Amino acid sequence: MRAEASYGLNDDARRVTYRVGEGVVGRVVQSGKPVVVPQTSREPLLLNRLVGQARINSRKEVSFVCVPIVVNGKPQGAIGADLVYKEGRDYDRTTKFLSVIASMMAQALKVETFIAADKQRLLDENIHLKHELRERYDFGHIVGNSNPMRQVYEQVTQVARTNTTVLLRGESGTGKEMIAHAIHYNSLRAAKPFVKVSCAALPETLIESELFGYEKGAFTGAQARKKGRFELADGGTLFLDEIGDLNPQTQVKLLRVLQEREFERLGGLETVKVNVRLIVATHKDLEKAITEGEFREDLYYRLNVFTIFMPPLRERRPDILLLAEHFVEKFEREHHKRIKRISTPAIDMLTSYHWPGNVRELENVIERAVVVCESNVIHGHHLPPTLQTAEGSDTLTRLSLASAIESYERDLIQDALKTGRGNRAKAAKLLDTTERIIGYKVKKYNINCDRFRV
Ligand SMILES: Nc1ncnc2c1ncn2[C@@H]1O[C@H](COP(=O)(O)OP(=O)(O)O)[C@@H](O)[C@H]1O
Ligand SMILES: [Mg+2]
(Lines give C-alpha, C1' and ligand atoms only; values in the text may rest on other atoms or scores of the structure.)
(Ligands and ions follow the chains in the order given, each with its own letter.)
Protein backbone atom coordinates (compact mmCIF):
# COMPACT_ATOMS: atom_id res chain seq x y z
CA MET A 1 0.00 0.00 0.00
CA ARG A 2 1.16 3.52 -0.65
CA ALA A 3 -0.17 6.99 0.00
CA GLU A 4 -2.19 8.17 -2.97
CA ALA A 5 -3.14 11.55 -1.50
CA SER A 6 -2.63 13.43 1.71
CA TYR A 7 -3.33 16.73 3.40
CA GLY A 8 -1.02 18.26 5.98
CA LEU A 9 1.82 15.81 5.34
CA ASN A 10 5.04 16.53 3.51
CA ASP A 11 6.01 14.91 0.22
CA ASP A 12 7.99 12.16 1.98
CA ALA A 13 4.67 10.57 2.85
CA ARG A 14 4.30 9.62 -0.80
CA ARG A 15 7.30 7.38 -0.67
CA VAL A 16 6.14 5.39 2.35
CA THR A 17 4.80 1.91 1.68
CA TYR A 18 2.88 -0.49 3.91
CA ARG A 19 2.04 -4.13 3.57
CA VAL A 20 -1.60 -5.13 3.96
CA GLY A 21 -2.00 -6.15 7.61
CA GLU A 22 0.89 -3.99 8.75
CA GLY A 23 0.20 -1.32 11.38
CA VAL A 24 -3.21 0.15 12.08
CA VAL A 25 -3.88 1.26 8.49
CA GLY A 26 -2.77 -2.15 7.21
CA ARG A 27 -5.22 -3.85 9.55
CA VAL A 28 -8.08 -1.65 8.40
CA VAL A 29 -7.42 -2.65 4.80
CA GLN A 30 -7.01 -6.30 5.76
CA SER A 31 -10.15 -6.53 7.88
CA GLY A 32 -12.33 -4.00 6.09
CA LYS A 33 -13.35 -2.59 9.49
CA PRO A 34 -12.78 0.93 10.87
CA VAL A 35 -10.31 1.44 13.73
CA VAL A 36 -10.37 4.25 16.28
CA VAL A 37 -7.25 5.06 18.35
CA PRO A 38 -8.32 7.66 20.95
CA GLN A 39 -4.76 8.35 22.21
CA THR A 40 -2.05 7.64 19.66
CA SER A 41 0.72 7.91 22.25
CA ARG A 42 -0.67 4.82 23.93
CA GLU A 43 -1.09 2.62 20.88
CA PRO A 44 1.91 0.33 20.28
CA LEU A 45 0.49 -0.90 16.95
CA LEU A 46 0.77 2.55 15.36
CA LEU A 47 3.88 2.68 13.21
CA ASN A 48 3.85 6.46 12.82
CA ARG A 49 5.54 5.84 9.53
CA LEU A 50 3.32 8.01 7.44
CA VAL A 51 2.85 10.88 9.83
CA GLY A 52 6.33 10.46 11.31
CA GLN A 53 7.66 13.37 13.18
CA ALA A 54 4.57 15.51 12.76
CA ARG A 55 2.53 13.39 15.11
CA ILE A 56 5.40 12.78 17.54
CA ASN A 57 6.48 16.42 17.64
CA SER A 58 3.05 17.73 18.43
CA ARG A 59 2.99 18.14 22.12
CA LYS A 60 -0.71 17.54 22.20
CA GLU A 61 -2.28 14.14 22.34
CA VAL A 62 -3.71 13.05 18.98
CA SER A 63 -6.62 10.70 18.11
CA PHE A 64 -6.52 8.65 14.90
CA VAL A 65 -9.55 7.37 13.00
CA CYS A 66 -9.16 5.11 9.97
CA VAL A 67 -11.90 3.61 7.74
CA PRO A 68 -11.62 1.25 4.75
CA ILE A 69 -12.44 2.18 1.14
CA VAL A 70 -14.49 -0.78 -0.08
CA VAL A 71 -15.01 -1.46 -3.79
CA ASN A 72 -17.28 -4.33 -4.80
CA GLY A 73 -17.19 -5.76 -1.28
CA LYS A 74 -13.39 -5.74 -1.12
CA PRO A 75 -11.25 -3.23 0.80
CA GLN A 76 -9.04 -1.44 -1.73
CA GLY A 77 -7.53 1.18 0.58
CA ALA A 78 -8.18 3.29 3.61
CA ILE A 79 -8.64 6.88 4.62
CA GLY A 80 -7.40 8.08 8.01
CA ALA A 81 -7.38 11.36 9.91
CA ASP A 82 -5.56 12.73 12.93
CA LEU A 83 -7.72 14.73 15.32
CA VAL A 84 -6.78 16.77 18.34
CA TYR A 85 -7.50 14.58 21.36
CA LYS A 86 -10.57 15.66 23.31
CA GLU A 87 -11.93 13.80 26.21
CA GLY A 88 -15.42 12.48 25.56
CA ARG A 89 -15.25 13.05 21.75
CA ASP A 90 -18.02 11.29 19.76
CA TYR A 91 -15.85 8.92 17.66
CA ASP A 92 -18.92 7.30 16.15
CA ARG A 93 -19.86 10.49 14.37
CA THR A 94 -16.32 10.97 12.99
CA THR A 95 -16.18 7.37 11.82
CA LYS A 96 -19.51 7.75 10.03
CA PHE A 97 -18.39 10.98 8.41
CA LEU A 98 -15.15 9.40 7.13
CA SER A 99 -17.10 6.35 5.94
CA VAL A 100 -19.31 8.55 3.77
CA ILE A 101 -16.21 10.10 2.18
CA ALA A 102 -14.68 6.65 1.74
CA SER A 103 -17.77 5.39 -0.08
CA MET A 104 -17.69 8.38 -2.44
CA MET A 105 -14.08 7.58 -3.20
CA ALA A 106 -14.98 3.94 -3.73
CA GLN A 107 -17.60 5.00 -6.27
CA ALA A 108 -15.04 7.07 -8.18
CA LEU A 109 -12.56 4.19 -8.11
CA LYS A 110 -15.20 1.85 -9.41
CA VAL A 111 -15.98 4.11 -12.35
CA GLU A 112 -12.30 4.57 -13.07
CA THR A 113 -11.49 0.86 -13.15
CA PHE A 114 -14.58 0.29 -15.25
CA ILE A 115 -13.46 2.86 -17.81
CA ALA A 116 -9.91 1.55 -17.78
CA ALA A 117 -11.15 -1.99 -18.33
CA ASP A 118 -13.41 -0.83 -21.13
CA LYS A 119 -10.56 1.00 -22.78
CA GLN A 120 -8.32 -2.03 -22.48
CA ARG A 121 -11.05 -4.20 -23.95
CA LEU A 122 -11.37 -1.85 -26.93
CA LEU A 123 -7.61 -1.79 -27.38
CA ASP A 124 -7.45 -5.58 -27.30
CA GLU A 125 -10.33 -5.82 -29.71
CA ASN A 126 -8.68 -3.38 -32.07
CA ILE A 127 -5.44 -5.34 -32.07
CA HIS A 128 -7.36 -8.53 -32.63
CA LEU A 129 -9.35 -7.08 -35.53
CA LYS A 130 -6.26 -5.64 -37.17
CA HIS A 131 -4.61 -9.01 -36.90
CA GLU A 132 -7.65 -10.71 -38.37
CA LEU A 133 -7.79 -8.25 -41.25
CA ARG A 134 -4.18 -8.82 -42.02
CA GLU A 135 -4.72 -12.55 -41.98
CA ARG A 136 -7.78 -12.33 -44.16
CA TYR A 137 -5.94 -10.41 -46.84
CA ASP A 138 -2.89 -12.51 -46.62
CA PHE A 139 -2.03 -14.04 -49.95
CA GLY A 140 -3.04 -17.41 -48.58
CA HIS A 141 -6.67 -16.34 -48.58
CA ILE A 142 -6.76 -15.39 -52.22
CA VAL A 143 -7.90 -18.45 -54.10
CA GLY A 144 -6.79 -19.40 -57.59
CA ASN A 145 -3.69 -20.81 -59.22
CA SER A 146 -4.56 -20.34 -62.89
CA ASN A 147 -1.94 -18.63 -65.02
CA PRO A 148 -3.71 -15.27 -65.14
CA MET A 149 -3.95 -15.23 -61.33
CA ARG A 150 -0.29 -16.15 -60.94
CA GLN A 151 0.55 -13.12 -63.01
CA VAL A 152 -1.59 -11.01 -60.69
CA TYR A 153 0.24 -12.37 -57.61
CA GLU A 154 3.56 -11.60 -59.23
CA GLN A 155 2.53 -8.03 -59.94
CA VAL A 156 1.21 -7.57 -56.42
CA THR A 157 4.52 -8.78 -55.01
CA GLN A 158 6.43 -6.41 -57.26
CA VAL A 159 4.45 -3.34 -56.35
CA ALA A 160 3.28 -3.91 -52.75
CA ARG A 161 6.37 -2.64 -50.96
CA THR A 162 6.72 0.49 -53.09
CA ASN A 163 4.71 3.70 -52.83
CA THR A 164 3.58 3.53 -56.44
CA THR A 165 0.00 4.35 -57.36
CA VAL A 166 -1.77 1.19 -58.47
CA LEU A 167 -4.65 1.07 -60.94
CA LEU A 168 -6.79 -2.07 -60.72
CA ARG A 169 -8.89 -2.82 -63.74
CA GLY A 170 -11.34 -5.58 -64.45
CA GLU A 171 -15.00 -6.46 -64.49
CA SER A 172 -17.12 -6.15 -61.41
CA GLY A 173 -16.64 -8.98 -58.93
CA THR A 174 -13.22 -10.07 -60.16
CA GLY A 175 -11.50 -9.32 -56.85
CA LYS A 176 -10.15 -5.80 -57.32
CA GLU A 177 -10.96 -4.72 -53.79
CA MET A 178 -9.47 -7.89 -52.40
CA ILE A 179 -6.23 -7.25 -54.28
CA ALA A 180 -6.20 -3.65 -53.02
CA HIS A 181 -6.31 -5.02 -49.47
CA ALA A 182 -3.60 -7.55 -50.25
CA ILE A 183 -1.33 -4.79 -51.56
CA HIS A 184 -1.86 -2.73 -48.42
CA TYR A 185 -1.33 -5.58 -45.98
CA ASN A 186 1.81 -6.66 -47.80
CA SER A 187 3.23 -3.15 -47.85
CA LEU A 188 5.34 -1.25 -45.35
CA ARG A 189 2.17 0.64 -44.47
CA ALA A 190 0.38 -2.46 -43.20
CA ALA A 191 0.17 -1.18 -39.62
CA LYS A 192 -1.33 2.11 -40.77
CA PRO A 193 -4.92 2.61 -41.92
CA PHE A 194 -6.48 1.28 -45.11
CA VAL A 195 -9.26 3.68 -46.03
CA LYS A 196 -11.78 3.06 -48.78
CA VAL A 197 -13.95 5.54 -50.65
CA SER A 198 -16.39 4.38 -53.27
CA CYS A 199 -16.65 7.17 -55.82
CA ALA A 200 -19.78 5.62 -57.30
CA ALA A 201 -21.74 5.30 -54.09
CA LEU A 202 -21.46 8.96 -53.08
CA PRO A 203 -23.42 11.82 -54.64
CA GLU A 204 -21.18 14.40 -56.31
CA THR A 205 -21.71 17.05 -53.67
CA LEU A 206 -20.75 14.71 -50.89
CA ILE A 207 -17.63 13.21 -52.32
CA GLU A 208 -15.40 16.25 -51.89
CA SER A 209 -16.22 16.73 -48.23
CA GLU A 210 -15.71 12.99 -47.86
CA LEU A 211 -12.29 13.07 -49.52
CA PHE A 212 -10.91 16.36 -48.22
CA GLY A 213 -12.96 17.07 -45.11
CA TYR A 214 -14.38 20.45 -44.16
CA GLU A 215 -14.01 23.29 -41.68
CA LYS A 216 -16.67 24.34 -39.25
CA GLY A 217 -19.22 26.49 -41.05
CA ALA A 218 -18.12 25.51 -44.57
CA PHE A 219 -21.78 24.93 -45.39
CA THR A 220 -25.05 24.65 -43.50
CA GLY A 221 -24.82 21.67 -41.24
CA ALA A 222 -21.02 21.77 -40.94
CA GLN A 223 -21.08 22.17 -37.19
CA ALA A 224 -17.52 21.12 -36.53
CA ARG A 225 -14.35 20.44 -38.47
CA LYS A 226 -14.35 17.02 -40.07
CA LYS A 227 -11.31 15.22 -41.38
CA GLY A 228 -11.52 13.82 -44.88
CA ARG A 229 -10.50 10.33 -45.92
CA PHE A 230 -7.20 11.62 -47.27
CA GLU A 231 -6.29 12.80 -43.78
CA LEU A 232 -7.64 9.66 -42.14
CA ALA A 233 -5.45 7.56 -44.41
CA ASP A 234 -2.29 9.51 -43.52
CA GLY A 235 0.66 7.15 -43.40
CA GLY A 236 -1.44 4.39 -44.91
CA THR A 237 -3.32 3.57 -48.08
CA LEU A 238 -6.32 5.26 -49.67
CA PHE A 239 -8.40 3.05 -51.94
CA LEU A 240 -10.61 4.91 -54.41
CA ASP A 241 -13.07 2.44 -55.84
CA GLU A 242 -14.98 3.05 -59.09
CA ILE A 243 -12.67 5.95 -59.96
CA GLY A 244 -14.15 5.98 -63.48
CA ASP A 245 -17.36 7.37 -62.01
CA LEU A 246 -15.72 10.43 -60.44
CA ASN A 247 -17.31 13.74 -61.52
CA PRO A 248 -15.24 16.25 -63.56
CA GLN A 249 -14.75 18.89 -60.81
CA THR A 250 -13.51 16.37 -58.31
CA GLN A 251 -11.21 14.92 -60.96
CA VAL A 252 -9.48 18.31 -61.13
CA LYS A 253 -9.07 18.46 -57.35
CA LEU A 254 -7.80 14.92 -57.17
CA LEU A 255 -5.24 15.64 -59.87
CA ARG A 256 -3.92 18.54 -57.82
CA VAL A 257 -3.60 16.41 -54.71
CA LEU A 258 -1.70 13.78 -56.68
CA GLN A 259 0.68 16.37 -58.07
CA GLU A 260 1.27 18.39 -54.93
CA ARG A 261 0.41 15.96 -52.14
CA GLU A 262 -1.49 18.71 -50.38
CA PHE A 263 -4.98 20.19 -50.31
CA GLU A 264 -7.35 22.39 -48.31
CA ARG A 265 -10.40 21.28 -46.41
CA LEU A 266 -13.69 22.62 -47.78
CA GLY A 267 -14.24 26.16 -46.50
CA GLY A 268 -10.68 26.30 -45.18
CA LEU A 269 -7.44 28.07 -46.06
CA GLU A 270 -5.02 25.90 -44.14
CA THR A 271 -3.02 23.59 -46.39
CA VAL A 272 -3.03 19.98 -45.31
CA LYS A 273 -0.12 17.76 -46.26
CA VAL A 274 -0.57 14.02 -46.33
CA ASN A 275 1.50 10.93 -46.93
CA VAL A 276 -0.85 8.55 -48.64
CA ARG A 277 -0.39 5.64 -51.00
CA LEU A 278 -3.13 5.56 -53.59
CA ILE A 279 -4.82 2.50 -55.06
CA VAL A 280 -7.66 3.05 -57.48
CA ALA A 281 -10.01 0.62 -59.19
CA THR A 282 -12.54 0.71 -61.97
CA HIS A 283 -14.52 -1.64 -64.19
CA LYS A 284 -14.87 1.12 -66.80
CA ASP A 285 -13.07 1.42 -70.08
CA LEU A 286 -11.09 4.56 -69.17
CA GLU A 287 -9.69 5.11 -72.66
CA LYS A 288 -13.22 5.20 -74.01
CA ALA A 289 -14.28 7.54 -71.19
CA ILE A 290 -11.43 9.88 -72.23
CA THR A 291 -12.52 10.03 -75.86
CA GLU A 292 -16.05 10.67 -74.70
CA GLY A 293 -14.82 13.51 -72.52
CA GLU A 294 -15.89 11.90 -69.25
CA PHE A 295 -12.47 11.29 -67.82
CA ARG A 296 -9.51 13.67 -67.79
CA GLU A 297 -6.55 12.48 -69.74
CA ASP A 298 -4.03 14.13 -67.39
CA LEU A 299 -5.56 12.37 -64.40
CA TYR A 300 -5.50 9.10 -66.31
CA TYR A 301 -1.74 9.42 -66.85
CA ARG A 302 -1.24 10.12 -63.14
CA LEU A 303 -3.17 7.01 -62.22
CA ASN A 304 -1.95 4.71 -64.93
CA VAL A 305 1.46 4.08 -63.40
CA PHE A 306 1.23 0.44 -62.47
CA THR A 307 -1.85 -1.31 -63.80
CA ILE A 308 -3.06 -4.73 -62.78
CA PHE A 309 -5.75 -6.34 -64.91
CA MET A 310 -8.02 -8.69 -63.02
CA PRO A 311 -9.00 -11.51 -65.37
CA PRO A 312 -12.72 -12.36 -65.62
CA LEU A 313 -13.62 -15.71 -64.10
CA ARG A 314 -14.54 -17.25 -67.47
CA GLU A 315 -10.94 -16.78 -68.57
CA ARG A 316 -9.62 -18.81 -65.69
CA ARG A 317 -11.89 -21.82 -65.57
CA PRO A 318 -9.44 -23.93 -63.54
CA ASP A 319 -10.07 -21.56 -60.61
CA ILE A 320 -13.84 -22.07 -60.62
CA LEU A 321 -13.78 -25.37 -58.74
CA LEU A 322 -11.16 -24.13 -56.26
CA LEU A 323 -13.22 -21.03 -55.55
CA ALA A 324 -16.45 -23.03 -55.31
CA GLU A 325 -14.90 -25.34 -52.74
CA HIS A 326 -13.46 -22.38 -50.86
CA PHE A 327 -16.90 -20.78 -50.66
CA VAL A 328 -18.58 -24.06 -49.69
CA GLU A 329 -16.24 -24.21 -46.70
CA LYS A 330 -16.88 -20.58 -45.86
CA PHE A 331 -20.67 -20.82 -45.94
CA GLU A 332 -20.77 -24.25 -44.35
CA ARG A 333 -19.19 -22.64 -41.32
CA GLU A 334 -21.40 -19.58 -41.53
CA HIS A 335 -24.65 -21.51 -41.82
CA HIS A 336 -23.61 -24.39 -39.53
CA LYS A 337 -24.02 -27.04 -42.18
CA ARG A 338 -22.01 -30.06 -43.16
CA ILE A 339 -21.38 -30.31 -46.90
CA LYS A 340 -19.18 -33.15 -48.09
CA ARG A 341 -18.80 -32.35 -51.74
CA ILE A 342 -20.23 -30.90 -54.94
CA SER A 343 -21.75 -33.50 -57.27
CA THR A 344 -20.15 -34.06 -60.67
CA PRO A 345 -23.08 -32.67 -62.70
CA ALA A 346 -23.13 -29.57 -60.49
CA ILE A 347 -19.40 -29.09 -61.06
CA ASP A 348 -20.01 -29.35 -64.81
CA MET A 349 -22.67 -26.67 -64.58
CA LEU A 350 -20.41 -24.39 -62.56
CA THR A 351 -17.45 -24.73 -64.88
CA SER A 352 -19.39 -24.25 -68.12
CA TYR A 353 -21.32 -21.15 -67.04
CA HIS A 354 -19.94 -17.81 -68.31
CA TRP A 355 -20.08 -15.95 -64.94
CA PRO A 356 -20.88 -12.35 -65.96
CA GLY A 357 -20.77 -11.38 -62.26
CA ASN A 358 -17.46 -13.17 -61.78
CA VAL A 359 -16.28 -14.33 -58.34
CA ARG A 360 -18.96 -12.33 -56.53
CA GLU A 361 -21.67 -14.15 -58.50
CA LEU A 362 -20.04 -17.50 -57.80
CA GLU A 363 -19.88 -16.65 -54.11
CA ASN A 364 -23.61 -15.85 -54.09
CA VAL A 365 -24.50 -18.98 -56.06
CA ILE A 366 -22.60 -21.16 -53.60
CA GLU A 367 -24.12 -19.47 -50.58
CA ARG A 368 -27.59 -20.09 -51.98
CA ALA A 369 -26.71 -23.71 -52.71
CA VAL A 370 -25.40 -24.27 -49.17
CA VAL A 371 -28.56 -22.72 -47.74
CA VAL A 372 -31.01 -24.78 -49.82
CA CYS A 373 -28.99 -28.00 -49.69
CA GLU A 374 -30.91 -30.53 -47.65
CA SER A 375 -28.31 -33.31 -47.77
CA ASN A 376 -24.54 -33.10 -47.53
CA VAL A 377 -23.94 -32.95 -51.26
CA ILE A 378 -24.53 -29.96 -53.52
CA HIS A 379 -26.46 -31.06 -56.60
CA GLY A 380 -27.34 -29.41 -59.86
CA HIS A 381 -30.82 -28.57 -58.64
CA HIS A 382 -29.35 -26.51 -55.79
CA LEU A 383 -27.92 -24.10 -58.34
CA PRO A 384 -30.01 -21.20 -59.65
CA PRO A 385 -31.94 -21.54 -62.94
CA THR A 386 -29.56 -19.21 -64.81
CA LEU A 387 -26.95 -21.94 -64.65
CA GLN A 388 -29.35 -24.49 -66.07
CA THR A 389 -30.49 -22.65 -69.17
CA ALA A 390 -29.07 -22.37 -72.66
CA GLU A 391 -28.21 -18.70 -72.12
CA GLY A 392 -26.33 -19.64 -69.00
CA SER A 393 -24.13 -22.27 -70.51
CA ASP A 394 -23.13 -23.50 -73.91
CA THR A 395 -23.65 -27.13 -73.08
CA LEU A 396 -27.09 -27.35 -71.54
CA THR A 397 -30.31 -26.69 -73.38
CA ARG A 398 -33.29 -25.25 -71.55
CA LEU A 399 -34.67 -27.90 -69.25
CA SER A 400 -38.19 -29.19 -69.48
CA LEU A 401 -39.83 -30.45 -66.31
CA ALA A 402 -39.22 -34.02 -67.43
CA SER A 403 -35.53 -33.54 -68.09
CA ALA A 404 -35.07 -31.51 -64.90
CA ILE A 405 -36.56 -34.43 -62.96
CA GLU A 406 -34.38 -36.88 -64.84
CA SER A 407 -31.28 -34.87 -64.05
CA TYR A 408 -32.28 -34.77 -60.40
CA GLU A 409 -32.89 -38.52 -60.42
CA ARG A 410 -29.54 -39.20 -62.02
CA ASP A 411 -27.86 -37.04 -59.37
CA LEU A 412 -29.54 -38.96 -56.58
CA ILE A 413 -28.65 -42.36 -57.98
CA GLN A 414 -25.04 -41.47 -58.67
CA ASP A 415 -24.80 -40.15 -55.20
CA ALA A 416 -26.22 -43.26 -53.58
CA LEU A 417 -23.90 -45.40 -55.66
CA LYS A 418 -20.97 -43.33 -54.55
CA THR A 419 -21.93 -43.75 -50.90
CA GLY A 420 -22.51 -47.48 -51.47
CA ARG A 421 -19.20 -47.75 -53.32
CA GLY A 422 -20.87 -48.96 -56.49
CA ASN A 423 -23.02 -51.57 -54.73
CA ARG A 424 -26.54 -51.43 -56.24
CA ALA A 425 -28.21 -53.19 -53.34
CA LYS A 426 -26.81 -50.59 -50.91
CA ALA A 427 -27.79 -47.76 -53.21
CA ALA A 428 -31.33 -49.15 -53.43
CA LYS A 429 -31.55 -49.29 -49.66
CA LEU A 430 -30.34 -45.72 -49.30
CA LEU A 431 -32.99 -44.52 -51.72
CA ASP A 432 -35.74 -46.69 -50.30
CA THR A 433 -36.28 -48.52 -53.56
CA THR A 434 -35.53 -51.93 -55.09
CA GLU A 435 -32.35 -53.19 -56.65
CA ARG A 436 -34.34 -53.94 -59.81
CA ILE A 437 -35.34 -50.31 -60.23
CA ILE A 438 -31.80 -49.12 -59.57
CA GLY A 439 -30.55 -51.54 -62.19
CA TYR A 440 -33.07 -50.23 -64.66
CA LYS A 441 -32.17 -46.59 -64.01
CA VAL A 442 -28.45 -47.30 -64.18
CA LYS A 443 -29.03 -48.68 -67.66
CA LYS A 444 -31.33 -45.80 -68.62
CA TYR A 445 -28.87 -43.13 -67.55
CA ASN A 446 -25.88 -45.07 -68.71
CA ILE A 447 -24.18 -44.84 -65.30
CA ASN A 448 -20.92 -46.67 -64.92
CA CYS A 449 -21.01 -48.29 -61.47
CA ASP A 450 -17.40 -49.40 -61.63
CA ARG A 451 -16.41 -45.76 -61.25
CA PHE A 452 -17.61 -45.86 -57.67
CA ARG A 453 -15.84 -49.07 -56.61
CA VAL A 454 -12.80 -48.28 -54.52
N1 LIG B 1 -9.41 -14.95 -55.83
C2 LIG B 1 -10.34 -14.84 -54.87
N3 LIG B 1 -10.31 -15.66 -53.80
C4 LIG B 1 -11.25 -15.58 -52.85
N5 LIG B 1 -12.27 -14.71 -52.86
C6 LIG B 1 -12.36 -13.86 -53.90
C7 LIG B 1 -11.41 -13.88 -54.95
N8 LIG B 1 -11.73 -12.92 -55.85
C9 LIG B 1 -12.85 -12.33 -55.37
N10 LIG B 1 -13.23 -12.88 -54.20
C11 LIG B 1 -14.43 -12.50 -53.42
O12 LIG B 1 -15.42 -12.11 -54.34
C13 LIG B 1 -16.12 -10.96 -53.88
C14 LIG B 1 -15.97 -9.82 -54.85
O15 LIG B 1 -14.64 -9.34 -54.84
P16 LIG B 1 -14.27 -7.80 -54.89
O17 LIG B 1 -12.84 -7.67 -54.52
O18 LIG B 1 -15.24 -6.99 -54.12
O19 LIG B 1 -14.47 -7.52 -56.45
P20 LIG B 1 -14.47 -6.14 -57.25
O21 LIG B 1 -13.93 -5.09 -56.35
O22 LIG B 1 -13.59 -6.41 -58.43
O23 LIG B 1 -15.88 -5.90 -57.66
C24 LIG B 1 -15.55 -10.65 -52.50
O25 LIG B 1 -16.37 -11.22 -51.52
C26 LIG B 1 -14.18 -11.30 -52.53
O27 LIG B 1 -13.79 -11.68 -51.24
MG1 LIG C 1 -15.66 -3.53 -56.12
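This is a predicted model: local features need pLDDT of at least 70, side-chain atom pairs count only at pLDDT 80 or more; totals for chains, interfaces and linings use all residues.
Arg-265 counts as buried, at 5% relative accessibility (buried is under 20% relative accessible area, exposed over 50% and partly exposed in between, with a 1.4 Å probe and protein chains only). Its partner in a salt bridge is Glu-270, with the closest N and O atoms 3.5 Å apart; the term stands for a side-chain nitrogen of Lys or Arg within 4 Å of a carboxyl oxygen of Asp or Glu. Glu-270, for its part, is partly exposed at 43% relative accessibility.

Residues are numbered from 1 along each chain as its sequence is written, chains are lettered from A and ligands numbered from 1 in the order in which they are written, and side-chain values use heavy atoms, with hydrogens and water left out.

Across the whole structure, the search turns up 26 salt bridges. Side chains of opposite charge can pair when their charged atoms come close. One such pair is Arg-121 with Glu-125, at 3.5 Å from N to O. These two are 4 residues apart in helix H3 (residues 91–136), which puts about one helical turn between them (helices are DSSP runs of H or I with at least four residues, strands are E runs with at least two, and both are numbered from the N terminus). An α-helix has 3.6 residues a turn, so residues three or four places apart point the same way. Arg-121 is partly exposed at 43% relative accessible area, and so is Glu-125 at 37%.

Asp-245 and Lys-284 make another salt bridge, their closest N and O atoms being 2.9 Å apart. Asp-245 lies in the loop between strand E8 (237–241) and helix H8 (248–260), and Lys-284 in the loop between strand E11 (277–282) and helix H9 (286–291), so the pair ties together parts that are 39 residues apart in sequence. Asp-245 is partly exposed at 31%, as is Lys-284 at 28%.

Then there's helix H11 (residues 318–334), whose 17 residues reach 25 Å from first C-alpha to last, close to the expected 24 Å (1.5 Å times one less than the number of residues). Its buried residues include Ile-320, Leu-323, Phe-327 and Phe-331. The buried residues of H11 pack against several elements, among them helix H4 (147–160) and helix H13 (358–372), contact meaning heavy atoms within 4.5 Å. After H11 comes His-336, with a positive phi near 50 degrees.
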